[in-house]
Amino acid sequence: MEAQTLSQMNIRLDGRLKTAGDAVLTEAGTNPTQLIRALWQKIAHGTADLRQVERVLGLRVQDESASENAATKLAAIRRGRALFVEGLVELGVDPTGAMPSSDVSDRDRYADALVERMQERGIW
């Protein structure tokens, strides 16, 4: 059986806020540690809808304009790539030599990684 690795989280709260929150949690029959563990379990196992959690907690919720903005940026990246390829052709450089067709999967992986990074930053 694999040994369990424990991690610790430390946060700073206003003393009055912590006292008031602790009182409510105690009245509900739980404590901050149990609450955070339950939340982390749901998030880690994909059973918590992060958009719903953001709304409940009053956090910034990604709106449709953020997705549109990301799509605009992605379109700009694609236009830039097309201009680059046009420039290579104009200079007499074979763009297929500069980016062999065998690298298509690498380009796909790069595009996926770029989209993933944009999603992590909340701009996709």
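Which residue forms a salt bridge with Asp14, and how far apart are the closest N and O atoms? I looked this up first, and the partner is Arg16, with 3.5 Å between the closest N and O atoms.

**Ground rules.** I am working with a predicted model, where local features need pLDDT of at least 70 and side-chain atom pairs count only at pLDDT 80 or more, while totals for chains, interfaces and linings use all residues. Residues are numbered from 1 along each chain as its sequence is written, and side-chain values use heavy atoms, with hydrogens and water left out.

**Overall fold.** I counted 6 helices and 0 strands in the protein chain (helices are DSSP runs of H or I with at least four residues, strands are E runs of at least two, numbered from the N terminus). Along the sequence I read α-α-α-α-α-α. Of the 124 residues, 10% count as buried (buried is under 20% relative accessible area, exposed over 50%, partly exposed in between, with a 1.4 Å probe and protein chains only).

**Salt bridges.** I found 2 of them (a side-chain nitrogen of Lys or Arg within 4 Å of a carboxyl oxygen of Asp or Glu). Side chains of opposite charge can pair when their charged atoms come close. In the pair I opened with, Arg16 counts as exposed at 68% relative accessibility, and Asp14 is partly exposed at 40%.

The other pair is Asp22 with Lys18, at 2.5 Å from N to O. Both residues sit in helix α1, 4 residues apart, or about one turn of the helix. An α-helix has 3.6 residues a turn, so residues three or four places apart point the same way. I noted Asp22 as partly exposed at 23% and Lys18 as partly exposed at 42%.

**Helix α2.** I checked its length next. The 13 residues of α2 should span 18 Å at 1.5 Å a residue, and the end C-alpha atoms are 18 Å apart, which agrees (the expected span is 1.5 Å times one less than the number of residues). At the start of α2, a side-chain oxygen of Asn31 comes to within 3.0 Å of the backbone nitrogen of Thr33. Just after α2, I saw that Gly46 has a positive phi of about 70°.

**Largest pocket.** I get about 1,000 Å³ of space here. For the term, I used a 1 Å grid over the protein atoms alone: a pocket is an open set of points where a 1.4 Å probe fits, with protein on both sides within 12 Å along at least five of seven lines, and lining residues have an atom within 4 Å of a point. The volume is the space filled by probe spheres set on the points, which are joined across faces, edges and corners. Of its 23 lining residues, Met9, Pro32, Thr33, Ile36 and Arg37 are closest to the centre. The elements giving two or more residues are α1 (15-27) and α2 (32-44), and α2 has the largest share, with 8. By class, I noted 11 nonpolar, 9 polar and 3 charged residues (nonpolar is Ala, Val, Leu, Ile, Met, Phe, Trp, Tyr, Cys and Pro; charged is Asp, Glu, Lys and Arg; the others, Gly among them, are polar).

**Second largest pocket.** Which helices each supply at least two residues of its lining? I found α4 (64-90) and α6 (104-120). The volume is about 320 Å³. The largest share, 6 residues, comes from α6. The lining includes Leu74, Arg78, Asp108 and Tyr110. By class I have 6 nonpolar, no polar and 4 charged residues.

Conventions. A polar contact is a pair of N or O atoms within 3.5 Å; within protein, one must be able to donate a hydrogen and the other to accept it, and residues adjacent in sequence count only if both atoms are side-chain atoms.
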